[in-house]
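Hi,

Here's the structure I promised to pass on. Have a look at it first, and then read my notes below.

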Amino acid sequence: MLPDIVYDEGKETRKVKRGGEIKWRNYHIYISQVLSNERICLEEIDDDFFAVFYGFYKLGEIIGKDKQLKELLSGIIYIN
C-alpha cells in the first residue's frame with residue numbers, strides 16, 4: 001500500500017468518492033474511478049478557474065461555469 005499524499009497546508013483538497021467523483025461547490029464532478037478514496041488538490045489559478053492535481057501530476061482544469069474536469073492531453077507524441 002502506498003502512503004497518503006500530503007498537500008501543503010491551506011490547499012483545497014477533496015477525497016475522490018468510490019464512483020470517481022468529487023463534490024465541489026454543490027456539484028458532482030467526475031475525476032476518475034481509478035483515484036477512488038484518494039485525495040486530490042484544487043489550486044485556484046484565476047477567478048473561478050482551478051488546476052486539479054494528484055500529487056505533483058496535473059490531471060486537468062475545472063472552469064467554474066462548466067462544472068467538469070477538462071483533461072489534459074496525455075503528453076504522448078507518436079512519430080511515424
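Predicted model: local features only at pLDDT ≥ 70, side-chain atom pairs only at ≥ 80, totals over all residues.

Let's start with Ile 22.

Residues are numbered from 1 along each chain as its sequence is written, and side-chain values use heavy atoms, leaving out hydrogens and water.

Ile 22 also turns up among the residues with the most contacts inside the largest nonpolar core, which has 13 residues. Such a core is a set of buried Ala, Val, Leu, Ile, Met, Phe, Trp, Tyr and Cys residues joined through side-chain atoms within 4.5 Å; buried means under 20% relative accessible area, with a 1.4 Å probe and protein chains only. β2 (21–24), β4 (39–46), β5 (49–54) and β6 (57–63) each give two or more residues to this core.

As for the fold, the protein chain has seven strands and zero helices. These are DSSP runs numbered from the N terminus: strands (E) need at least two residues, helices (H or I) at least four. Five strands make an open antiparallel sheet, ordered β1-β4-β5-β6-β7. Its edge strands, β1 (12–15) and β7 (69–71), each pair on one side only; pairing takes at least two DSSP bridges between two strands.

Inside that sheet, six bridges join β5 to β6, and Phe 50 has Ile 62 in β6 as its bridge partner.

Cheers

Methods:
Buried < 20%, exposed > 50% of the residue type's maximum accessible area, 1.4 Å probe, protein only.
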